[in-house]
Amino acid sequence: MSKFIIKGGNRLEGEVCISGAKNAILPIFVASLMSESDCIIHNIAMLRDVEVMEQLLTSLGAKIKSEGNGTYTINSNNISHTSISEQLMRKMRASNLIIGPMLGRFGEVKIAYPGGCNIGDRPMDIHLKSFEKMGAEIYEEHGFITARAKELRGADIHFDFPSVGATENVMMAAALAEGKTIIRNAAREPEVVDLQSFLNGMGAKVQGAGTDTIRIEGQKKLGGIEHTVIPDRIETGTYMIGAAITRGDIVLDNVIVEHVEPLTAKLREAGVKIETESGKIHVKTKEQLKPIDIKTLPYPGFPTDMQPQLMALLSTIQGTSIIIETIFENRFKHVDELRRMGAKIKIDGRVAIIKGVENLSGTNTQATDLRAGAALVLAGLVASGDTVVENINYIQRGYENLPEKLRGLGAQIKTI
Ligand code: UD1
């Protein structure tokens, strides 16, 4: 098992280029299953989750070519299977996105219950109820879900909660269903908008992504496309916090400034200096920072995927900060590890009360999920002595070349 060893104390300085968004790549890869023609996709980050998605598509019969420069060509002309092995499904939660495209194109799919990061109960009721409304029959037995539809029909669907995955899954199924679908209380995340652009490029008729109502007019067939994936706003935010926690000075390239505004606003409130121009963010911090309170919410609220990293920063700011986690019920697993480094954090249900300390100290820690792992790396950048982060396979799921990029900014981090 590989681990990171970080020697804390260096300010991050310099420039870093942000990779393609994991959470946009995954739905876009599965959407390519809906076309018989080539889908050429640029700005693909080399991530473990992307590798798993590649294996999953290949197992169904898709042909995938990678140019090695972030460009992939996916051809799903000869799909030979409609079921996915349990072993592959367990590797990644987003594998459940396969249902929409497969139902839309083949009227049938069988999957095992998906795995993924261990951040709490992640049911699929919103996805499955929606497919039923569209005329699919769903069977759940022996840990498997089978969905079948002789004819998938458009429907008017109101989500109980703006689930990102359910919005994407239903958008994809509806793109090949008979008639019109309306998704109300849809997720508004930028990755949903990127999926809409991809689908429309293939000839789908989807409008409204980015608002809470998405309208889809089903088509008989979708064609090929060439598409560039949006930059990763969570990777962007993680480096912004890297600059803030080390009181550093960095420029982030290849970003979409508006996508990180929920974080930018909170960092500015804490006293971090942030300047933006098109495609670039400059983060600079010398001053003493101030404590802040945040509540995670669906986009454009503060992202749950930035909560652990922000907690690492708040642990180093004098005074009391409060974080309320409203999206996942079990997303404070990083707290025990941060406490081992000297952080003073109390948990009461979904509320974390953080009393900033003057120094964190390096020790052995374990990543318990992707973003929790990123939080420990950030804490390690300022802790005294060496911080060891184990289970880095979680971190590699979602950060391309993390140690290389951090070393480029002056951090001392190695993988052993
Ligand atoms: C996506 C992101 C993930 C992010 C999350 C919330 C991808 C690949 N992953 O995950 O990084 O943390 O959005 O921003 O894009 N829920 C239900 N029933 C359902 C579906 C969801 O109750 O059928 C609940 C979940 O348990 C959770 C909340 O809704 O509490 C949010 O889940 P959802 O928005 O679906 O997240 P994902 O799409 O899994």
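Setting aside residues up to four places away in sequence, Ala112 touches Ile84, Glu86, Met89, Gly143 and Phe144, where contact means heavy atoms within 4.5 Å. This is a predicted model, in which local features need pLDDT of at least 70, side-chain atom pairs count only at pLDDT 80 or more, and totals for chains, interfaces and linings use all residues. Residues are numbered from 1 along each chain as its sequence is written, and side-chain values use heavy atoms, with hydrogens and water left out.

Ala112 lies in strand S6. Helices (H or I, at least four residues) and strands (E, at least two) are DSSP runs, numbered from the N terminus. Ala112 counts as buried because its relative accessibility is 1%; buried means under 20% relative accessible area, exposed over 50%, and partly exposed in between (1.4 Å probe, protein chains only). From Ala112 to Thr73 the separation is 39 residues in sequence and 27 Å in space, C-alpha to C-alpha.

With a relative accessible area of 0%, Ala243 is buried. Its contacts, leaving aside neighbours within four places in sequence, are Leu12, Gly248, Ile250, Val283 and Thr285. Ala243 and Glu13 are 230 residues apart along the chain, and their C-alpha atoms are separated by 7.6 Å.

Which residues of helix H5 (residues 125-133) are buried? They are Ile126, His127, Leu128, Ser130 and Phe131. The elements that cover these buried residues include helix H4 (99-106), strand S7 (137-141), strand S8 (144-148), strand S9 (156-158) and helix H6 (164-175). Just after H5, Gly135 has a positive phi of about 100°.

H5 packs with H6 at an angle of about 25°, and their axes are 8 Å apart. Axes are lines fitted to C-alpha atoms, for helices over the stretch in contact, and angles run from 0 to 180 degrees between N-to-C directions. H5 and H6 are therefore roughly parallel to each other; angles under 35 degrees count as roughly parallel, over 145 as roughly antiparallel, 65 to 115 as roughly perpendicular and the rest as oblique. On the H5 side the contact is made by Ile126, His127, Ser130 and Phe131, and on the H6 side by Gly165, Ala166, Asn169, Val170 and Ala173. By class, this contact of H5 with H6 has five nonpolar, four polar and no charged residues. Here Ala, Val, Leu, Ile, Met, Phe, Trp, Tyr, Cys and Pro count as nonpolar, Asp, Glu, Lys and Arg as charged, and the others, Gly among them, as polar. An α-helix has 3.6 residues a turn, so residues three or four places apart point the same way.

**Helices H1 and H7**

Helix H1 (residues 22-31) packs with helix H7 (residues 190-201) at an angle of about 30°, with their axes 9 Å apart. That makes H1 roughly parallel to H7. Asn23, Ala24, Pro27, Ile28 and Ala31 of H1 meet Glu191, Asp194, Leu195, Phe198 and Leu199 of H7. The contact of H1 with H7 has seven nonpolar, one polar and two charged residues.

**Salt bridges**

A salt bridge is a side-chain nitrogen of Lys or Arg within 4 Å of a carboxyl oxygen of Asp or Glu. By this rule the count comes to 16 salt bridges. Three of these pairs are listed below.

| Pair | N to O distance |
|---|---|
| Glu108 and Arg148 | 3.6 Å |
| Arg233 and Glu191 | 2.8 Å |
| Lys405 and Glu235 | 2.7 Å |

In the salt bridge of Glu108 with Arg148 (3.6 Å), distant parts of the chain are linked: Glu108 is in strand S6 (residues 108-112) and Arg148 in strand S8, 40 residues apart. Glu108 counts as partly exposed because its relative accessibility is 32%. Arg148, with a relative accessible area of 38%, is partly exposed.

The side chains of Arg233 and Glu191 also meet in a salt bridge. This pair joins helix H8 (residues 233-245), which holds Arg233, to helix H7, which holds Glu191, and the two residues are 42 residues apart. Are these residues buried or exposed? Arg233 counts as buried at 11% relative accessibility, and Glu191 is buried at 5% relative accessible area.

Lys405 and Glu235 form another salt bridge. Lys405 is in helix H14 (residues 402-408) and Glu235 in helix H8, 170 residues apart. Both Lys405 and Glu235 are buried. Elsewhere, a network of salt bridges links Lys22, Asp49 and Arg397.
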